[in-house]
Amino acid sequence: MPNPYYWIGWTVGWLGIALGLGVLARGGRLAHVLAIGAVLLAAGCLLVWAKAILVGAPPLARPAVVEMQALVRSADPLAARGLIRLDLSPVERPDLPTRVRVNAEPDQVPQGLTSGDLVSVRARLMPPAPAALPGGYDYAQRAYFEGLGASGRALGRVERLRASGEGPGLRRRLGDHVASRLSGGEGAIAVTLATGDQTGISEADAEAMRRSGLAHLLSISGLHVSALIGAVIFLVYRLPALSPRLALHWPILLIAACAGAAAGIGYTLLTGAQVPTVRSCIAALLVISGLALGREAISLRLIATGALFVMLFWPEAVVGPSFQMSFAAVTAIVAFYEHPRARAFFERREEGIVRRFLRHAAVLLATGLIVELALMPIAFAHFHRAGMLGAIANMVAIPLTSFVVMPAEAIALLLDTFGLGAPAWWVVGLALRLLLGLAHLVASQPYATMGAAATTSDAAFALTMLAILWMMLWRGRIRWLGAPVAVAGLIVTLLAPVPDILVTSDGRHVALRMPDGRMALLRERAGDYVRTTLAEAAAYEGEFAPLAETDTARCSDDVCTVELPTASGKPLHLLVTRSNLRLPWQAITDACARADIVIADRRMPRGCAPRWLKLDRPALSAMGGAILLIDARKVIGGRDARDRHPWIMAAQGSASPIRSP
């Protein structure tokens with residue numbers, strides 16, 4: 001729903017339906033339930049709208065070079081990129097957002113810079129970037145709800161005007177301590193497990209974890225929270241039991257549960273209170289409460305309570321992959337284990353060591369497969385790629401993390417208070433090297449991941465997820481009615497046509513699919529982020545070829561002309577600008593007249609009239625990038641022209657770029 005008129009219509013419509021059901025219900029249970037559902041649907045829209053008004057930070061209007069004094073909110077090293085990220089609050093600058101983020105080289109930042117320091121900095125600031133392609137990552141939306149109005153890079157040295165004297169916070173000190181004990185990739189992951197800070201992980205290791213289906217281990221969630229709480233409860237429950245007096249006269253289980261709850265809350269706050277961590281902490285607290293009351297707390301109602309809590313305080317998280325994947329995974333696991341046959345197979349029993357080991361292996365494999373299937377449509381929708389070997393990799397990675405890495409790291413930190421942690425850190429480093437080796441091994445396999453083009457419709461994703469939810473929430477044979485619908489949705493997703501041309505919203509980066517199936521890139525100096533974004537949207541695994549070196553393109557320093565084959569046999573002529581130099585008006589208008597499609601990173605003159613499509617900078621900015629299917633004559637934009645969400649910058653564009661044939 002693009003603008004307030006739709007939001008008002010949605011809210012009033014559902015409230016009207018609720019009122020009508022209330023009048024006509026006459027005490028009926030079904031009508032009563034439907035009326036409550038209608039009220040909740042209206043409340044959901046009002047909740048996120050209210051948070052956008054009350055909490056959101058308007059972005060910087062346009063790029064600017066500014067000199068400012070600012071208070072340091074945090075100074076975090078980005079070890080993998082060799083930078084330091086400064087989170088700043090400008091002082092006495094009403095023309096700037098209340099919070100900006102600036103990256104700086106280490107030699108530009110004074111030693112020991114901490115939160116509360118007053119600094120002077122000259123920086124080039126940019127508004128938070130919206131999605132560069134249809135279906136891409138929308139940083140502008142996330143930044144708006146985080147209160148971040150601009151990001152940029154420091155120009156020159158950052159001068160400290162006044163020190164706060166606070167020193168680094170607990171999270172920073174803990175991260176520095178862990179990093180001093182372990183180096184390399186295993187050290188970066190150890191820091192992540194202790195503090196939730198992933199900035200030190202190299203891109204190669206992060207990509208290997210993603211492709212192998214182990215990236216969830218880097219996000220502090222149920223696995224980490226439950227491991228910590230379980231260890232604390234075990235220790236607090238067992239140690240007092242050594243004393244007969246304490247065991248007989250004190251409520252040891254209740255004390256252990258309270259200690260575990262306190263540890264879980266502290267760990268959640270220490271690691272930044274991200275959505276998966278908050279969800280896991282709430283779920284763990286409910287489980288602990290159930291144990292203290294002598295009841296079984298692990299159920300779908302438990303998940304619903306955690307989801308309700310997150311939606312009340314972070315309603316914007318619902319549309320993000322973190323919320324969706326976290327709750328889909330845990331819902332699938334609980335629904336699977338609630339099935340009578342699964343419960344009967346996996347419950348503990350008297351048996352030999354070999355059979356017990358095989359049963360536990362079957363538990364891990366079945367759980368991994370269920371989670372992979374539940375998360376596949378979400379991964380395709382957000383990342384256009386899903387893991388295929390994650391279930392196998394997690395059979396080793398989850399026990400290794402739960403029973404070796406996490407306990408050993410906790411013991412190492414505890415022993416470090418006495419200077420005796422070296423042996424435990426050796427165990428942590430060895431286990432994490434094994435974990436990284438497993439990730440790289442699985443990621444290097446040819447079928448580690450499967451791609452789906454960004455041309456898949458939102459309707460296919462919604463239908464697939466509704467079918468999966470149907471199977472997870474219903475009991476009995478009726479649940480299997482969702483299976484064929486989910487399979488059909490996945491088939492539609494995988495059979496979506498691959499894009500022929502992809503254009504970023506600034507018009508600078510263009511990827512074309514060549515007749516031999518390779519993808520060619522207009523600007524060969526494009527960075528890794530741009531290449532990854534284009535490859536994911538195109539479901540492309542190979543390396544990009546420079547467009548200027550292909551047989552179908554003729555390029556000068558200023559423009560490229562490309563001839564692409566079509567199913568009709570008549571070639572399509574493409575004109576693309578590749579420099580920021582001023583072009584002769586007559587020459588460019590003549591070239592436009594000979595082209596079917598014109599793509600430019602600037603505003604093209606009105607006299608530029610291609611036969612089909614003109615995608616210049618204003619049009620692409622308004623569309624949010626474009627994906628083209630040549631044979632279908634279809635243009636997919638990333639943004640509705642009517643969009644008035646507060647984090648969307650007003651596009652300076654013209655009328656529809658598509659001309660009648």
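This is a predicted model: local features need pLDDT of at least 70, side-chain atom pairs count only at pLDDT 80 or more; totals for chains, interfaces and linings use all residues.

Visitor: What makes Phe309 count as buried, partly exposed or exposed?

Guide: Buried requires under 20% relative accessible area and exposed over 50%. Phe309 has 34%, so it counts as partly exposed. Phe309 lies in helix α11, which spans residues 300–313.

Visitor: Which residues make the nonpolar surface patch?

Guide: The patch is made by Leu308, Phe309, Met311, Leu312 and Phe313, and covers about 460 Å². Members of a patch must have over 30% relative accessible area. Phe309, at 34%, is partly exposed, and Phe313, at 47%, is partly exposed as well.

Visitor: Why is the pair formed by Phe313 and Trp314 called tilted?

Guide: Two rings pair if their centres lie within 6.5 Å, and planes under 30 degrees apart count as stacked, over 60 as edge-to-face and the rest as tilted. Phe313 and Trp314 are 6.1 Å apart centre to centre, with 55° between the planes. The pair is therefore tilted by that rule. Trp314, with 27% relative accessibility, counts as partly exposed.

Visitor: How many aromatic pairs does a search of the whole structure find?

Guide: The search finds 13. One of them joins Phe145 and Trp647, whose ring centres are 5.5 Å apart and whose planes meet at 55°, so this pair is tilted. Phe145 belongs to helix α3 (residues 139–146), whereas Trp647 sits in the segment after β19 (634–637). The pair links distant parts of the chain, its partners being 502 residues apart.

Visitor: How do you know whether Phe145 and Trp647 are buried or exposed?

Guide: The limit for buried is under 20% relative accessible area. Phe145 has 9% and is therefore buried; Trp647 has 13% and therefore counts as buried.

Visitor: What makes the largest nonpolar core a core, and which residues have the most contacts inside it?

Guide: A nonpolar core is a set of buried residues of nonpolar kinds joined through side-chain atoms within 4.5 Å. The largest has 44 residues, and those with the most contacts inside it are Val178, Ile189, Met209, Leu214, Leu432 and Leu435. Helices supplying at least two residues each include α4 (170–181), α7 (222–238) and α15 (390–416). The most comes from α16, with eleven residues. A second, separate core has 26 residues, among them Ile597, Leu613, Leu615 and Met623.

Visitor: Which residues are in contact with Leu214, leaving aside its neighbours within four places in sequence?

Guide: Leu214 is in contact with Met209, Ala393, Asn394, Ala397, Leu435, Leu438 and Ala439.

Visitor: What makes Val100 buried?

Guide: Its relative accessible area is 0%, so Val100 is buried. Val100 is found in strand β3 (residues 100–104). Beyond residues up to four places away in sequence, Val100 touches Met68, Leu86, Asp87, Leu88, Pro90, Leu125, Leu148 and Ala150. The C-alpha atoms of Val100 and Pro90 are separated by 7.6 Å, and these residues are ten apart along the chain.

Methods: Residues are numbered from 1 along each chain as its sequence is written. Side-chain values use heavy atoms; hydrogens and water are left out. Patches are made of residues with over 30% relative accessible area and no salt bridge: like charges are joined within 9 Å, nonpolar side chains (Val, Leu, Ile, Met, Phe, Trp, Tyr) within 5 Å. Accessible areas come from the Shrake-Rupley method with a 1.4 Å probe; for residues, only the protein chains shown count as cover. A salt bridge is a side-chain nitrogen of Lys or Arg within 4 Å of a carboxyl oxygen of Asp or Glu. Helices (H or I, at least four residues) and strands (E, at least two) are DSSP runs, numbered from the N terminus. Buried means under 20% relative accessible area, exposed over 50%, partly exposed in between (1.4 Å probe, protein chains only). Contact means heavy atoms within 4.5 Å. Rings of Phe, Tyr and Trp (its six-membered ring) pair if their centres lie within 6.5 Å; planes under 30 degrees apart count as stacked, over 60 as edge-to-face and the rest as tilted.
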